[in-house]
Amino acid sequence: MNVPYVVGPWVRGERFYGRGGLLREALDGPRDRLWLVGMRRVGKTSLLREVERLAGGSPGPFLPVVWDLQGSDEPDELDLGLHEALIDVEPALAATGVELPKPGPAAATLARLAEELGGHGRRLLLLCDEAEDLFALLRRHPDLLRPFESAWTESGARVVLASSVRLAESSGGGPEHRLLASFGTPLWLGPLDDDAARLLLRQENLPAGRRPDLAEAEVDLLLARCGGHPFLLQLAAKRSVELGDAEEACERLARDPTVAHLCEVDLDLLGGADRELLAGLAAPSASDATGPAERVARLRALGLLRSGVDGRPEPGSWFLGRHLAATARPRS
């Protein structure tokens with residue numbers, strides 16, 4: 001049985017599908033500061049890793065560094081995390097003629113590294129994952145703000161932030177948000193479009209002998225049920241191949257704690273008004289998504305809301321709809 005789907009870990013290369021516009025924006029777009037916002041397990045890390053692969057695959061203008069900011073609760077942890085990220089690219093630094101920087105304050109290290117790379121005709125491409133942890137740290141240590149502003153806006157580096165929607169929800173106040181505002185309007189990392197989702201389900205990047213055996217009707221069912229969510233697509237397709245029945249696989253997953261937890265975490269990341277809007281769609285009498293047009297558009301962009309077959313709004317995936325219905329409060 002050939003089950004090539006990757007459930008959980010990040011992917012890149014032949015396992016990566018879609019996101020062409022965002023890849024081009026990160027590598028060739030006019031902005032040197034990008035902010036990508038998405039829900040849980042929608043592929044933020046995979047996108048950064050694919051940008052890293054493409055930027056580092058041949059001699060080019062950028063030297064990419066992926067910096068995982070998760071767990072950077074104190075300045076020394078932030079500094080250590082950056083040093084570990086630079087150790088990972090030490091061979092690329094050496095090939096450029098730049099020595100691995102010694103451990104030190106992260107902002108100063110970045111500024112010096114960007115300057116040294118510039119002297120060798122390269123630019124630092126800093127790909128920051130779990131960026132909300134950094135801004136939480138800056139909120140507690142505002143003395144770090146000015147060094148980071150200098151490192152990110154004056155050094156010539158190109159910086160891509162990836163965060164959950166929670167950072168976007170909290171971006172209205174605090175001195176650290178002056179730095180976040182320099183990244184402009186966030187780009188929403190939502191569901192895969194139907195073409196990319198179909199390619200993923202078919203695993204078209206793989207040689208024919210390594211592709212799964214899914215009937216066209218099963219592919220269509222999974223496309224309709226998963227709403228373009230990469231994790232749900234991988235998980236549902238894997239279970240479908242294992243069981244030999246896509247309908248049964250979806251029914252089992254709708255009751256699976258893994259999917260319930262994913263839905264709960266996503267809902268917990270949202271503000272109360274967004275949660276109420278989505279919960280209202282699960283009510284038997286739901287007829288429309290009510291709320292400011294900007295809110296509805298954001299939920300659509302994030303993959304939490306979509307148009308049903310009759311054009312009426314519905315939860316972004318069949319699984320989310322099932323979860324909302326199962327957890328809805330009884331009406332008095």
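1. Arg146 and Glu154 form a salt bridge in which the closest N and O atoms are 2.9 Å apart; the term salt bridge is used when a side-chain nitrogen of Lys or Arg lies within 4 Å of a carboxyl oxygen of Asp or Glu. Side chains of opposite charge can pair when their charged atoms come close. Arg146 is partly exposed, with a relative accessible area of 48%, where buried means under 20% relative accessible area, exposed means over 50%, and partly exposed covers what is in between (1.4 Å probe, protein chains only). Arg146 and Glu154 also belong to a network of salt bridges that links them with Glu149 and Arg178.

2. Please keep in mind that this is a predicted model, in which local features need pLDDT of at least 70 and side-chain atom pairs count only at pLDDT 80 or more, while totals for chains, interfaces and linings use all residues. Residues are numbered from 1 along each chain as its sequence is written, and side-chain values use heavy atoms, with hydrogens and water left out.

3. A search of the whole structure finds 24 salt bridges, and one of them joins the side chains of Arg12 and Glu52 (2.9 Å, N to O). This pair links distant parts of the chain, 40 residues apart, since Arg12 sits in the segment before helix H1 (20–28) and Glu52 in helix H2 (residues 44–56); helices are DSSP runs of H or I with at least four residues, numbered from the N terminus. Arg12 counts as partly exposed at 34% relative accessibility, whereas Glu52 is buried at 14%.

4. Glu247 and Arg225 form another salt bridge, with the closest N and O atoms 3.1 Å apart. Glu247 belongs to helix H13 (residues 246–254) and Arg225 to helix H11 (residues 216–226), 22 residues apart. Glu247 is partly exposed, with a relative accessible area of 35%, while Arg225 is buried, with 13%.

5. The largest nonpolar core has 82 residues, of which Trp67, Phe148, Trp152 and Leu161 touch the most other members; such a core is a set of buried Ala, Val, Leu, Ile, Met, Phe, Trp, Tyr and Cys residues joined through side-chain atoms within 4.5 Å. The largest share of this core, 7 residues, comes from helix H12 (residues 230–243).

6. Ala114 lies in helix H5 (residues 106–119) and is buried, with a relative accessible area of 6%. Not counting residues up to four places away in sequence, Ala114 touches Leu124, Ser155 and Ala157, where contact means heavy atoms within 4.5 Å.

Methods
Helix = DSSP H or I, 4+ residues; strand = E, 2+ residues; numbered from the N terminus.
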